[in-house]
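Thank you all for coming; I would like to go through one model this morning, starting from a single residue and then widening the view. Please have the display open while I talk.

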Amino acid sequence: MATAPGLLDPMQSSTFKEQMRKRHYNDYFVYGSINFKHLNDDSTKIDIPIPNYISAIESIITATNRITDTVHHRGSEGSLDVNVVIEPPLCILNHISSELWCKPPGIGSAHENTLKIFEILANYPWEAKAALTLLAFATDYGDLWHPYPYSHTDPLAKSLAIIKRVGTLKKHLDSLPYQQVLLNPNSLIQMCLQAIKCMNEIREFKKYHLNDPLELASALRQIPLVTYWVIHIIVVSSIELFSYLTETENQKQRYLNELSETIALVLARLEKHLDAIREQHEEGELYRWLVDHIEHFPTNIALVVSKLLSGKPETNPIIDGSTQKEVLQVGVHESLSGKNVILLISGLDISEDDIKAIHNVYDELKTRGTNYEIVWIPIIPEPYHEDDRKRYEYLRSTMKWYSIQFTTRISGMRYIEEKWQFREDPLVVIKSQKSIIFYGGRNPSWIQQFEEKVEILKNDPLILDGSSFEIVRIGKDAIGEDDPKLMARFWKVQWGYFIVKSQIKGLSASETSEDILRLISYQNEDGWAVVTIGSAPLLVGSGILILRLFDDFPKWKQNLHFKAFPNAFRDSFNELAMKTHECDRVIFPEFSGWIPMVVNCPGCPRLMQKDITFKCCHGGSRM
(Lines give C-alpha, C1' and ligand atoms only; values in the text may rest on other atoms or scores of the structure.)
Protein backbone atom coordinates (compact mmCIF):
# COMPACT_ATOMS: atom_id res chain seq x y z
CA MET A 1 0.00 0.00 0.00
CA ALA A 2 1.40 3.38 -1.02
CA THR A 3 1.81 6.13 1.54
CA ALA A 4 0.62 9.63 0.68
CA PRO A 5 3.40 12.16 0.23
CA GLY A 6 4.31 13.87 3.46
CA LEU A 7 2.70 11.17 5.62
CA LEU A 8 4.70 8.81 7.86
CA ASP A 9 4.33 5.09 7.20
CA PRO A 10 2.27 3.80 10.18
CA MET A 11 4.53 0.71 10.41
CA GLN A 12 7.48 3.08 11.02
CA SER A 13 5.78 5.46 13.45
CA SER A 14 7.24 5.70 16.96
CA THR A 15 3.78 5.19 18.47
CA PHE A 16 3.29 1.92 16.62
CA LYS A 17 6.75 0.69 17.62
CA GLU A 18 6.04 1.61 21.21
CA GLN A 19 2.78 -0.36 21.17
CA MET A 20 4.51 -3.36 19.60
CA ARG A 21 7.27 -3.16 22.20
CA LYS A 22 4.90 -2.93 25.15
CA ARG A 23 2.79 -5.89 24.09
CA HIS A 24 5.76 -8.18 24.71
CA TYR A 25 5.48 -7.38 28.41
CA ASN A 26 1.81 -8.33 28.53
CA ASP A 27 1.09 -11.60 30.37
CA TYR A 28 -1.68 -12.51 27.93
CA PHE A 29 0.67 -12.05 24.98
CA VAL A 30 3.28 -14.28 26.64
CA TYR A 31 0.78 -16.98 27.55
CA GLY A 32 -0.64 -16.89 24.05
CA SER A 33 2.83 -17.33 22.59
CA ILE A 34 3.75 -20.45 24.58
CA ASN A 35 0.67 -22.15 25.98
CA PHE A 36 -0.88 -23.31 22.71
CA LYS A 37 2.08 -25.54 21.81
CA HIS A 38 3.59 -26.16 25.22
CA LEU A 39 0.60 -26.46 27.56
CA ASN A 40 1.36 -30.10 28.40
CA ASP A 41 5.16 -29.91 28.36
CA ASP A 42 5.62 -32.15 31.39
CA SER A 43 5.98 -35.55 29.73
CA THR A 44 9.79 -35.82 29.46
CA LYS A 45 11.70 -36.51 32.66
CA ILE A 46 15.35 -35.67 33.36
CA ASP A 47 17.49 -38.30 35.07
CA ILE A 48 19.42 -35.78 37.18
CA PRO A 49 17.26 -33.81 39.64
CA ILE A 50 16.89 -30.10 38.95
CA PRO A 51 18.75 -29.18 42.20
CA ASN A 52 21.90 -30.77 40.70
CA TYR A 53 21.55 -28.59 37.60
CA ILE A 54 21.10 -25.56 39.84
CA SER A 55 24.25 -26.42 41.81
CA ALA A 56 26.25 -26.86 38.61
CA ILE A 57 25.04 -23.53 37.23
CA GLU A 58 25.84 -21.76 40.50
CA SER A 59 29.34 -23.23 40.63
CA ILE A 60 30.13 -22.20 37.04
CA ILE A 61 28.83 -18.63 37.42
CA THR A 62 30.48 -18.18 40.82
CA ALA A 63 33.85 -19.47 39.58
CA THR A 64 33.66 -17.32 36.45
CA ASN A 65 32.73 -14.22 38.42
CA ARG A 66 35.75 -14.83 40.63
CA ILE A 67 37.93 -14.75 37.51
CA THR A 68 36.39 -11.47 36.34
CA ASP A 69 36.70 -10.08 39.86
CA THR A 70 40.37 -10.99 39.87
CA VAL A 71 40.86 -9.31 36.49
CA HIS A 72 39.01 -6.23 37.62
CA HIS A 73 40.37 -5.82 41.14
CA ARG A 74 43.70 -7.68 40.81
CA GLY A 75 42.68 -9.83 43.77
CA SER A 76 43.13 -13.52 44.58
CA GLU A 77 41.23 -16.08 42.57
CA GLY A 78 40.44 -18.28 45.55
CA SER A 79 39.08 -21.77 45.15
CA LEU A 80 35.67 -23.40 44.73
CA ASP A 81 34.69 -26.92 45.64
CA VAL A 82 32.24 -28.54 43.22
CA ASN A 83 30.82 -31.90 44.24
CA VAL A 84 27.96 -32.15 41.78
CA VAL A 85 28.05 -34.60 38.87
CA ILE A 86 25.52 -34.18 36.04
CA GLU A 87 25.09 -35.72 32.61
CA PRO A 88 23.01 -33.19 30.66
CA PRO A 89 21.82 -33.79 27.09
CA LEU A 90 24.82 -32.33 25.21
CA CYS A 91 23.12 -32.10 21.82
CA ILE A 92 20.25 -30.19 23.39
CA LEU A 93 22.70 -27.81 25.11
CA ASN A 94 24.56 -27.19 21.84
CA HIS A 95 21.28 -26.55 20.03
CA ILE A 96 20.20 -24.06 22.74
CA SER A 97 23.61 -22.37 22.55
CA SER A 98 23.15 -21.77 18.83
CA GLU A 99 20.05 -19.69 19.61
CA LEU A 100 21.78 -17.63 22.29
CA TRP A 101 24.69 -16.11 20.39
CA CYS A 102 25.22 -14.12 17.20
CA LYS A 103 21.71 -12.63 17.30
CA PRO A 104 20.62 -9.01 16.73
CA PRO A 105 19.56 -6.91 19.72
CA GLY A 106 16.00 -5.88 20.55
CA ILE A 107 12.88 -7.30 22.13
CA GLY A 108 11.47 -8.73 18.90
CA SER A 109 14.62 -10.74 18.24
CA ALA A 110 14.76 -11.96 21.85
CA HIS A 111 11.12 -13.06 21.72
CA GLU A 112 11.64 -14.94 18.46
CA ASN A 113 14.71 -16.79 19.76
CA THR A 114 12.98 -17.55 23.06
CA LEU A 115 10.21 -19.33 21.17
CA LYS A 116 12.81 -21.28 19.18
CA ILE A 117 14.35 -22.51 22.44
CA PHE A 118 10.88 -23.53 23.58
CA GLU A 119 10.64 -25.64 20.43
CA ILE A 120 14.03 -27.25 21.15
CA LEU A 121 12.85 -28.09 24.67
CA ALA A 122 9.35 -29.20 23.71
CA ASN A 123 7.96 -31.77 26.18
CA TYR A 124 10.53 -30.89 28.87
CA PRO A 125 9.02 -29.72 32.18
CA TRP A 126 8.86 -25.94 32.54
CA GLU A 127 11.57 -25.57 35.17
CA ALA A 128 13.79 -27.97 33.16
CA LYS A 129 13.46 -25.68 30.14
CA ALA A 130 14.72 -22.76 32.22
CA ALA A 131 17.46 -24.79 33.93
CA LEU A 132 18.84 -26.26 30.69
CA THR A 133 18.84 -22.84 28.99
CA LEU A 134 20.69 -21.26 31.90
CA LEU A 135 23.12 -24.22 31.96
CA ALA A 136 23.85 -23.68 28.24
CA PHE A 137 24.50 -19.99 28.90
CA ALA A 138 26.69 -20.71 31.97
CA THR A 139 28.70 -23.29 30.02
CA ASP A 140 29.42 -20.83 27.21
CA TYR A 141 30.19 -18.04 29.66
CA GLY A 142 32.55 -20.28 31.64
CA ASP A 143 34.29 -21.43 28.47
CA LEU A 144 34.73 -17.81 27.48
CA TRP A 145 36.62 -16.78 30.62
CA HIS A 146 38.26 -20.05 31.67
CA PRO A 147 41.46 -19.73 29.51
CA TYR A 148 42.22 -16.17 30.66
CA PRO A 149 43.92 -16.90 34.06
CA TYR A 150 46.38 -19.23 32.30
CA SER A 151 46.95 -17.15 29.14
CA HIS A 152 50.20 -15.63 30.46
CA THR A 153 51.89 -18.99 30.96
CA ASP A 154 50.03 -21.46 28.77
CA PRO A 155 50.27 -20.96 24.97
CA LEU A 156 47.09 -22.94 24.36
CA ALA A 157 45.16 -20.85 26.89
CA LYS A 158 46.58 -17.68 25.33
CA SER A 159 45.49 -18.75 21.84
CA LEU A 160 42.01 -19.65 23.04
CA ALA A 161 41.66 -16.33 24.89
CA ILE A 162 42.65 -14.44 21.73
CA ILE A 163 40.20 -16.41 19.58
CA LYS A 164 37.42 -15.83 22.08
CA ARG A 165 38.30 -12.08 22.26
CA VAL A 166 38.42 -12.07 26.05
CA GLY A 167 40.59 -8.97 25.93
CA THR A 168 37.78 -7.09 24.22
CA LEU A 169 35.27 -8.38 26.75
CA LYS A 170 37.54 -7.30 29.61
CA LYS A 171 37.18 -3.64 28.61
CA HIS A 172 33.45 -3.75 29.39
CA LEU A 173 33.68 -5.08 32.97
CA ASP A 174 33.13 -1.59 34.39
CA SER A 175 30.14 -0.84 32.18
CA LEU A 176 26.67 -0.55 33.71
CA PRO A 177 25.09 -3.07 31.28
CA TYR A 178 27.68 -5.77 32.09
CA GLN A 179 27.16 -5.20 35.80
CA GLN A 180 23.40 -5.31 35.32
CA VAL A 181 23.51 -8.51 33.31
CA LEU A 182 25.96 -10.56 35.38
CA LEU A 183 28.11 -9.03 38.07
CA ASN A 184 25.67 -7.46 40.55
CA PRO A 185 24.13 -9.60 43.32
CA ASN A 186 20.72 -8.69 41.81
CA SER A 187 21.83 -9.06 38.21
CA LEU A 188 19.50 -10.42 35.55
CA ILE A 189 21.22 -13.80 35.53
CA GLN A 190 21.17 -14.08 39.33
CA MET A 191 17.44 -13.34 39.40
CA CYS A 192 16.90 -15.98 36.71
CA LEU A 193 18.76 -18.48 38.87
CA GLN A 194 16.63 -17.54 41.87
CA ALA A 195 13.47 -17.95 39.81
CA ILE A 196 14.52 -21.48 38.79
CA LYS A 197 15.12 -22.34 42.46
CA CYS A 198 11.64 -21.08 43.35
CA MET A 199 9.99 -23.01 40.51
CA ASN A 200 11.74 -26.22 41.56
CA GLU A 201 10.72 -25.75 45.22
CA ILE A 202 7.11 -25.13 44.22
CA ARG A 203 7.13 -28.28 42.10
CA GLU A 204 8.50 -30.27 45.07
CA PHE A 205 5.55 -29.19 47.21
CA LYS A 206 3.23 -31.14 44.90
CA LYS A 207 4.36 -34.23 46.82
CA TYR A 208 2.76 -33.01 50.04
CA HIS A 209 -0.81 -32.61 51.20
CA LEU A 210 -1.44 -28.92 51.83
CA ASN A 211 -4.38 -27.56 53.79
CA ASP A 212 -5.15 -25.01 51.06
CA PRO A 213 -4.24 -26.44 47.61
CA LEU A 214 -5.42 -23.26 45.88
CA GLU A 215 -2.22 -21.42 46.81
CA LEU A 216 -0.09 -24.15 45.22
CA ALA A 217 -2.35 -24.21 42.16
CA SER A 218 -1.96 -20.44 41.76
CA ALA A 219 1.82 -20.75 42.00
CA LEU A 220 1.93 -23.58 39.46
CA ARG A 221 -0.04 -21.43 37.02
CA GLN A 222 2.73 -18.82 37.23
CA ILE A 223 5.51 -21.23 36.23
CA PRO A 224 5.03 -21.04 32.40
CA LEU A 225 5.18 -17.24 32.57
CA VAL A 226 8.29 -17.31 34.78
CA THR A 227 9.95 -19.84 32.47
CA TYR A 228 9.34 -17.58 29.47
CA TRP A 229 10.92 -14.55 31.12
CA VAL A 230 13.90 -16.53 32.40
CA ILE A 231 14.69 -17.82 28.91
CA HIS A 232 13.96 -14.41 27.33
CA ILE A 233 16.41 -12.72 29.71
CA ILE A 234 19.09 -15.37 29.11
CA VAL A 235 18.77 -14.73 25.37
CA VAL A 236 19.06 -10.96 25.91
CA SER A 237 22.08 -11.42 28.22
CA SER A 238 23.84 -13.60 25.63
CA ILE A 239 23.22 -11.04 22.88
CA GLU A 240 24.58 -8.31 25.17
CA LEU A 241 27.82 -10.22 25.83
CA PHE A 242 28.19 -11.04 22.13
CA SER A 243 27.96 -7.33 21.31
CA TYR A 244 30.97 -6.71 23.59
CA LEU A 245 32.99 -9.41 21.83
CA THR A 246 32.15 -8.15 18.33
CA GLU A 247 31.97 -4.47 19.29
CA THR A 248 28.60 -4.18 17.57
CA GLU A 249 25.31 -2.63 18.64
CA ASN A 250 24.26 -3.75 22.10
CA GLN A 251 20.93 -3.77 23.91
CA LYS A 252 19.28 -0.47 24.79
CA GLN A 253 19.73 0.47 28.45
CA ARG A 254 15.99 1.12 28.68
CA TYR A 255 15.34 -2.47 27.55
CA LEU A 256 17.66 -3.91 30.20
CA ASN A 257 15.99 -1.75 32.87
CA GLU A 258 12.55 -2.95 31.79
CA LEU A 259 13.69 -6.56 31.95
CA SER A 260 15.09 -6.00 35.45
CA GLU A 261 11.74 -4.59 36.56
CA THR A 262 9.81 -7.41 34.86
CA ILE A 263 11.79 -10.29 36.36
CA ALA A 264 11.77 -8.58 39.77
CA LEU A 265 7.96 -8.34 39.69
CA VAL A 266 7.54 -11.90 38.42
CA LEU A 267 9.97 -13.21 41.03
CA ALA A 268 8.30 -11.24 43.85
CA ARG A 269 4.92 -12.70 42.88
CA LEU A 270 6.38 -16.21 42.80
CA GLU A 271 8.12 -15.80 46.16
CA LYS A 272 4.92 -14.49 47.74
CA HIS A 273 3.15 -17.70 46.69
CA LEU A 274 6.11 -19.72 47.90
CA ASP A 275 6.13 -18.06 51.32
CA ALA A 276 2.46 -18.94 51.77
CA ILE A 277 3.06 -22.53 50.61
CA ARG A 278 6.03 -22.93 52.96
CA GLU A 279 3.88 -21.68 55.83
CA GLN A 280 1.14 -24.17 54.94
CA HIS A 281 3.68 -26.98 54.74
CA GLU A 282 5.14 -26.09 58.14
CA GLU A 283 1.62 -25.88 59.57
CA GLY A 284 0.82 -29.33 58.16
CA GLU A 285 4.03 -30.84 59.52
CA LEU A 286 3.32 -29.33 62.94
CA TYR A 287 -0.29 -30.56 62.82
CA ARG A 288 0.86 -34.13 62.11
CA TRP A 289 3.46 -33.88 64.88
CA LEU A 290 0.86 -32.73 67.39
CA VAL A 291 -1.52 -35.52 66.36
CA ASP A 292 1.24 -38.10 66.85
CA HIS A 293 2.56 -36.75 70.14
CA ILE A 294 -0.75 -35.87 71.77
CA GLU A 295 -2.99 -38.69 70.59
CA HIS A 296 -0.72 -41.62 69.69
CA PHE A 297 2.70 -41.27 71.29
CA PRO A 298 2.35 -39.04 74.38
CA THR A 299 5.54 -37.11 75.05
CA ASN A 300 6.85 -34.46 77.44
CA ILE A 301 4.05 -31.97 78.03
CA ALA A 302 6.48 -29.04 78.05
CA LEU A 303 7.64 -29.97 74.54
CA VAL A 304 4.01 -30.29 73.38
CA VAL A 305 3.14 -26.85 74.77
CA SER A 306 6.20 -25.28 73.14
CA LYS A 307 5.42 -26.81 69.75
CA LEU A 308 1.74 -25.89 70.08
CA LEU A 309 2.60 -22.25 70.73
CA SER A 310 5.57 -21.60 68.46
CA GLY A 311 6.07 -24.72 66.33
CA LYS A 312 9.54 -25.09 67.86
CA PRO A 313 11.00 -27.13 70.75
CA GLU A 314 11.62 -23.87 72.62
CA THR A 315 9.17 -20.99 72.94
CA ASN A 316 8.94 -17.64 74.72
CA PRO A 317 8.80 -17.76 78.52
CA ILE A 318 5.34 -17.90 80.10
CA ILE A 319 4.08 -15.59 82.84
CA ASP A 320 3.67 -16.92 86.37
CA GLY A 321 0.49 -15.48 87.87
CA SER A 322 1.04 -16.90 91.36
CA THR A 323 2.65 -13.64 92.44
CA GLN A 324 0.63 -10.49 91.95
CA LYS A 325 3.48 -8.13 92.84
CA GLU A 326 5.52 -8.44 89.66
CA VAL A 327 5.42 -9.99 86.23
CA LEU A 328 7.57 -13.09 86.56
CA GLN A 329 8.55 -14.86 83.34
CA VAL A 330 9.58 -18.50 83.55
CA GLY A 331 10.68 -21.09 81.02
CA VAL A 332 8.11 -23.57 79.72
CA HIS A 333 10.27 -26.63 80.28
CA GLU A 334 11.29 -25.77 83.84
CA SER A 335 7.69 -24.92 84.78
CA LEU A 336 5.71 -27.71 83.12
CA SER A 337 7.99 -30.74 82.68
CA GLY A 338 6.58 -33.75 84.50
CA LYS A 339 3.36 -31.91 85.44
CA ASN A 340 -0.32 -32.58 84.73
CA VAL A 341 -1.23 -29.53 82.66
CA ILE A 342 -4.67 -28.09 81.88
CA LEU A 343 -4.69 -25.75 78.90
CA LEU A 344 -7.30 -22.99 79.26
CA ILE A 345 -7.96 -21.77 75.71
CA SER A 346 -10.30 -18.81 75.29
CA GLY A 347 -10.86 -15.54 73.54
CA LEU A 348 -10.48 -12.19 75.28
CA ASP A 349 -14.24 -12.21 75.86
CA ILE A 350 -13.92 -14.80 78.65
CA SER A 351 -16.23 -13.66 81.46
CA GLU A 352 -15.23 -12.90 85.03
CA ASP A 353 -17.68 -15.59 86.15
CA ASP A 354 -15.72 -18.12 84.09
CA ILE A 355 -12.46 -16.94 85.62
CA LYS A 356 -13.92 -17.23 89.15
CA ALA A 357 -15.05 -20.76 88.35
CA ILE A 358 -11.59 -21.67 87.09
CA HIS A 359 -10.09 -20.20 90.26
CA ASN A 360 -12.12 -22.76 92.20
CA VAL A 361 -10.75 -25.54 89.99
CA TYR A 362 -7.22 -24.18 90.40
CA ASP A 363 -7.49 -23.98 94.19
CA GLU A 364 -8.81 -27.54 94.34
CA LEU A 365 -5.98 -28.80 92.13
CA LYS A 366 -3.40 -27.14 94.35
CA THR A 367 -4.81 -28.91 97.39
CA ARG A 368 -3.77 -32.15 95.70
CA GLY A 369 -0.14 -31.01 95.48
CA THR A 370 2.09 -29.09 93.11
CA ASN A 371 1.85 -31.55 90.23
CA TYR A 372 -1.05 -29.72 88.55
CA GLU A 373 -0.76 -26.53 86.52
CA ILE A 374 -3.09 -24.42 84.36
CA VAL A 375 -1.83 -22.44 81.35
CA TRP A 376 -4.02 -19.74 79.76
CA ILE A 377 -3.71 -19.53 75.96
CA PRO A 378 -5.66 -16.47 74.76
CA ILE A 379 -6.76 -16.50 71.13
CA ILE A 380 -6.31 -12.93 69.90
CA PRO A 381 -7.54 -12.09 66.38
CA GLU A 382 -5.39 -10.24 63.91
CA PRO A 383 -5.17 -7.34 63.39
CA TYR A 384 -5.50 -6.51 67.07
CA HIS A 385 -6.28 -3.14 68.65
CA GLU A 386 -4.67 -1.49 71.64
CA ASP A 387 -7.85 -2.27 73.60
CA ASP A 388 -7.11 -5.97 73.02
CA ARG A 389 -3.73 -5.62 74.70
CA LYS A 390 -5.27 -3.75 77.63
CA ARG A 391 -7.95 -6.44 77.96
CA TYR A 392 -5.29 -9.14 77.89
CA GLU A 393 -3.26 -7.41 80.61
CA TYR A 394 -6.35 -7.03 82.79
CA LEU A 395 -7.43 -10.65 82.40
CA ARG A 396 -3.91 -11.94 83.01
CA SER A 397 -3.69 -9.89 86.22
CA THR A 398 -6.76 -11.70 87.58
CA MET A 399 -5.33 -15.18 87.05
CA LYS A 400 -3.22 -17.14 89.55
CA TRP A 401 -1.96 -19.61 86.97
CA TYR A 402 0.43 -19.39 84.03
CA SER A 403 -0.35 -17.30 80.94
CA ILE A 404 1.42 -17.08 77.62
CA GLN A 405 2.70 -13.70 76.49
CA PHE A 406 0.56 -11.45 74.31
CA THR A 407 0.55 -12.76 70.74
CA THR A 408 -1.79 -13.05 67.78
CA ARG A 409 -0.02 -16.11 66.38
CA ILE A 410 -0.48 -19.60 67.78
CA SER A 411 1.39 -22.03 65.51
CA GLY A 412 -0.81 -25.00 66.43
CA MET A 413 -4.08 -23.14 65.81
CA ARG A 414 -5.19 -25.67 63.20
CA TYR A 415 -4.89 -28.48 65.77
CA ILE A 416 -6.74 -26.41 68.38
CA GLU A 417 -9.60 -25.69 65.96
CA GLU A 418 -9.90 -29.11 64.32
CA LYS A 419 -9.06 -31.52 67.13
CA TRP A 420 -10.13 -29.59 70.20
CA GLN A 421 -12.91 -27.77 68.31
CA PHE A 422 -12.09 -24.37 69.78
CA ARG A 423 -14.94 -21.96 69.22
CA GLU A 424 -15.18 -19.26 71.87
CA ASP A 425 -16.33 -20.57 75.22
CA PRO A 426 -13.99 -21.95 77.88
CA LEU A 427 -15.23 -25.16 79.53
CA VAL A 428 -15.17 -25.37 83.35
CA VAL A 429 -16.49 -27.70 86.12
CA ILE A 430 -17.29 -26.56 89.68
CA LYS A 431 -17.34 -29.58 92.07
CA SER A 432 -20.26 -30.03 94.56
CA GLN A 433 -21.93 -33.04 96.17
CA LYS A 434 -25.51 -31.71 96.11
CA SER A 435 -28.28 -33.54 94.25
CA ILE A 436 -29.36 -31.26 91.44
CA ILE A 437 -31.84 -31.64 88.59
CA PHE A 438 -30.99 -29.38 85.67
CA TYR A 439 -33.89 -28.93 83.28
CA GLY A 440 -34.96 -27.03 80.21
CA GLY A 441 -36.93 -27.30 76.98
CA ARG A 442 -38.59 -25.49 74.13
CA ASN A 443 -42.18 -25.90 75.36
CA PRO A 444 -43.26 -23.53 78.17
CA SER A 445 -46.15 -25.91 78.99
CA TRP A 446 -43.70 -28.73 79.72
CA ILE A 447 -41.59 -26.40 81.89
CA GLN A 448 -44.69 -25.48 83.89
CA GLN A 449 -45.76 -29.12 84.38
CA PHE A 450 -42.23 -30.06 85.45
CA GLU A 451 -42.06 -27.31 88.07
CA GLU A 452 -45.53 -28.14 89.43
CA LYS A 453 -44.73 -31.85 89.80
CA VAL A 454 -41.36 -31.05 91.43
CA GLU A 455 -43.19 -29.04 94.09
CA ILE A 456 -45.36 -32.08 94.84
CA LEU A 457 -42.25 -34.26 95.30
CA LYS A 458 -40.47 -31.71 97.45
CA ASN A 459 -43.43 -31.57 99.86
CA ASP A 460 -43.50 -35.32 100.36
CA PRO A 461 -42.38 -36.34 103.88
CA LEU A 462 -39.80 -38.79 102.53
CA ILE A 463 -38.17 -36.01 100.52
CA LEU A 464 -38.31 -33.57 103.41
CA ASP A 465 -36.75 -36.20 105.66
CA GLY A 466 -33.24 -36.02 104.19
CA SER A 467 -33.70 -36.71 100.46
CA SER A 468 -33.88 -33.09 99.36
CA PHE A 469 -32.66 -31.93 95.97
CA GLU A 470 -32.45 -28.69 94.05
CA ILE A 471 -33.61 -27.79 90.57
CA VAL A 472 -31.86 -25.41 88.20
CA ARG A 473 -33.55 -24.01 85.10
CA ILE A 474 -31.19 -23.71 82.12
CA GLY A 475 -31.72 -20.63 79.97
CA LYS A 476 -32.75 -18.03 82.58
CA ASP A 477 -30.70 -14.94 83.40
CA ALA A 478 -29.99 -13.49 86.86
CA ILE A 479 -33.44 -11.89 87.15
CA GLY A 480 -35.31 -15.00 86.06
CA GLU A 481 -36.04 -13.98 82.46
CA ASP A 482 -35.60 -16.37 79.52
CA ASP A 483 -32.33 -15.61 77.70
CA PRO A 484 -31.85 -17.23 74.26
CA LYS A 485 -28.16 -16.31 74.31
CA LEU A 486 -27.61 -18.28 77.50
CA MET A 487 -29.44 -21.23 75.98
CA ALA A 488 -27.36 -21.09 72.80
CA ARG A 489 -24.18 -20.91 74.86
CA PHE A 490 -25.29 -23.91 76.92
CA TRP A 491 -25.69 -26.09 73.82
CA LYS A 492 -22.41 -24.85 72.38
CA VAL A 493 -20.65 -25.91 75.57
CA GLN A 494 -22.30 -29.35 75.44
CA TRP A 495 -21.04 -29.83 71.90
CA GLY A 496 -17.58 -28.83 73.08
CA TYR A 497 -17.72 -31.36 75.91
CA PHE A 498 -18.91 -34.09 73.55
CA ILE A 499 -16.17 -33.48 70.98
CA VAL A 500 -13.41 -33.44 73.60
CA LYS A 501 -14.74 -36.39 75.60
CA SER A 502 -15.41 -38.56 72.55
CA GLN A 503 -11.76 -38.26 71.51
CA ILE A 504 -10.43 -39.38 74.89
CA LYS A 505 -9.76 -43.09 75.09
CA GLY A 506 -11.18 -45.05 78.06
CA LEU A 507 -14.50 -46.37 79.36
CA SER A 508 -15.38 -43.44 81.59
CA ALA A 509 -14.86 -40.98 78.78
CA SER A 510 -17.07 -43.10 76.52
CA GLU A 511 -19.84 -43.23 79.10
CA THR A 512 -19.62 -39.48 79.67
CA SER A 513 -19.74 -38.73 75.96
CA GLU A 514 -22.88 -40.89 75.58
CA ASP A 515 -24.57 -38.94 78.40
CA ILE A 516 -23.70 -35.69 76.66
CA LEU A 517 -24.86 -37.06 73.31
CA ARG A 518 -28.17 -38.13 74.87
CA LEU A 519 -28.64 -34.60 76.21
CA ILE A 520 -27.77 -33.08 72.83
CA SER A 521 -30.36 -35.33 71.19
CA TYR A 522 -33.02 -33.53 73.27
CA GLN A 523 -31.95 -30.05 72.12
CA ASN A 524 -35.12 -29.51 70.05
CA GLU A 525 -37.53 -31.46 72.29
CA ASP A 526 -40.29 -30.06 74.52
CA GLY A 527 -38.31 -30.80 77.66
CA TRP A 528 -35.40 -32.67 79.24
CA ALA A 529 -33.70 -33.11 82.61
CA VAL A 530 -30.27 -34.08 83.95
CA VAL A 531 -29.85 -35.51 87.46
CA THR A 532 -26.39 -35.04 88.99
CA ILE A 533 -24.49 -35.47 92.20
CA GLY A 534 -22.07 -32.60 92.07
CA SER A 535 -20.46 -32.63 88.64
CA ALA A 536 -21.20 -36.31 87.94
CA PRO A 537 -24.28 -36.93 85.74
CA LEU A 538 -26.38 -39.90 86.86
CA LEU A 539 -29.28 -39.58 84.48
CA VAL A 540 -30.20 -37.76 81.27
CA GLY A 541 -33.83 -38.13 80.34
CA SER A 542 -36.40 -36.89 77.83
CA GLY A 543 -39.26 -34.70 78.97
CA ILE A 544 -42.01 -37.29 78.42
CA LEU A 545 -40.34 -39.94 80.58
CA ILE A 546 -39.42 -37.44 83.30
CA LEU A 547 -43.05 -36.35 83.71
CA ARG A 548 -44.19 -39.99 83.74
CA LEU A 549 -41.64 -40.74 86.45
CA PHE A 550 -43.00 -37.89 88.58
CA ASP A 551 -46.51 -39.26 88.09
CA ASP A 552 -45.26 -42.70 89.22
CA PHE A 553 -43.63 -41.27 92.36
CA PRO A 554 -46.09 -43.04 94.72
CA LYS A 555 -44.90 -46.38 93.23
CA TRP A 556 -41.18 -45.90 93.81
CA LYS A 557 -40.90 -43.46 96.70
CA GLN A 558 -40.60 -46.32 99.18
CA ASN A 559 -37.14 -46.95 97.73
CA LEU A 560 -36.05 -43.75 99.49
CA HIS A 561 -35.97 -45.70 102.75
CA PHE A 562 -32.81 -47.49 101.62
CA LYS A 563 -31.57 -45.45 98.64
CA ALA A 564 -30.49 -41.86 98.20
CA PHE A 565 -32.82 -39.74 96.06
CA PRO A 566 -30.60 -39.61 92.95
CA ASN A 567 -30.08 -43.37 92.93
CA ALA A 568 -33.75 -44.14 93.52
CA PHE A 569 -34.70 -41.64 90.78
CA ARG A 570 -32.22 -43.19 88.32
CA ASP A 571 -33.20 -46.81 88.97
CA SER A 572 -36.89 -46.08 88.64
CA PHE A 573 -36.28 -44.09 85.46
CA ASN A 574 -34.31 -46.95 83.90
CA GLU A 575 -37.14 -49.41 84.67
CA LEU A 576 -39.64 -47.09 83.03
CA ALA A 577 -37.36 -46.53 80.01
CA MET A 578 -37.11 -50.31 79.45
CA LYS A 579 -40.88 -50.45 79.02
CA THR A 580 -40.99 -47.52 76.59
CA HIS A 581 -39.60 -47.41 73.06
CA GLU A 582 -38.56 -44.03 71.69
CA CYS A 583 -36.39 -43.28 68.67
CA ASP A 584 -33.36 -41.13 69.50
CA ARG A 585 -31.91 -38.72 67.00
CA VAL A 586 -28.87 -36.46 67.07
CA ILE A 587 -28.57 -33.42 64.81
CA PHE A 588 -25.05 -32.08 64.38
CA PRO A 589 -24.83 -28.30 64.11
CA GLU A 590 -23.26 -26.61 61.10
CA PHE A 591 -19.62 -26.31 62.01
CA SER A 592 -16.44 -27.29 60.24
CA GLY A 593 -13.88 -29.72 61.54
CA TRP A 594 -14.22 -33.05 63.31
CA ILE A 595 -17.46 -35.03 62.90
CA PRO A 596 -17.60 -38.62 64.20
CA MET A 597 -17.92 -41.34 61.59
CA VAL A 598 -19.62 -43.69 64.08
CA VAL A 599 -21.97 -42.70 66.91
CA ASN A 600 -23.23 -45.05 69.60
CA CYS A 601 -26.91 -44.65 70.38
CA PRO A 602 -27.31 -42.83 73.71
CA GLY A 603 -30.28 -45.05 74.59
CA CYS A 604 -29.19 -48.57 73.56
CA PRO A 605 -26.04 -50.52 72.58
CA ARG A 606 -26.60 -50.15 68.82
CA LEU A 607 -24.85 -47.83 66.38
CA MET A 608 -26.99 -44.97 65.15
CA GLN A 609 -28.07 -44.80 61.50
CA LYS A 610 -26.48 -41.86 59.69
CA ASP A 611 -28.59 -39.64 57.43
CA ILE A 612 -28.14 -36.20 55.86
CA THR A 613 -30.94 -33.72 56.54
CA PHE A 614 -31.47 -30.26 55.06
CA LYS A 615 -33.60 -27.79 56.98
CA CYS A 616 -35.21 -24.40 56.33
CA CYS A 617 -36.87 -22.33 59.06
CA HIS A 618 -38.26 -19.74 56.61
CA GLY A 619 -36.53 -16.90 58.44
CA GLY A 620 -37.60 -18.08 61.88
CA SER A 621 -35.56 -19.20 64.86
CA ARG A 622 -33.04 -21.97 64.29
CA MET A 623 -32.67 -22.98 67.93
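Predicted model: local features only at pLDDT ≥ 70, side-chain atom pairs only at ≥ 80, totals over all residues.

Which residues does S109 touch, once its neighbours within four places in sequence are left aside? The contacts of S109 are then with K103, P104 and I239.

Let me move on to helix α10, which runs over residues 188-204 and so has 17 residues by the computed assignment. From its first C-alpha to its last, α10 reaches 25 Å, close to the 24 Å expected at 1.5 Å a residue. Of the 17 residues of α10, 12 are buried, and therefore the helix is largely enclosed by the rest of the structure. Among those buried residues are L188, I189, M191, C192 and L193, and also N200 and R203.

Stepping back to the protein, its secondary structure comes to 24 helices and 9 strands, and buried residues make up 43% of its 623 residues. If we take the contacts with a separation of 6 or more, 74% of them are accounted for by residues 24 or more positions apart. Finally, the accessible surface comes to about 33,900 Å², and 53% of that surface belongs to carbon and sulfur atoms.

How values were computed: Residues numbered from 1 in each chain as written. Heavy atoms only, no water. Helix = DSSP H or I, 4+ residues; strand = E, 2+ residues; numbered from the N terminus. Expected span 1.5 Å × (residues − 1). Buried < 20%, exposed > 50% of the residue type's maximum accessible area, 1.4 Å probe, protein only. Contact = heavy atoms within 4.5 Å. Areas by Shrake-Rupley, 256 points an atom, 1.4 Å probe, with all protein chains shown as cover.
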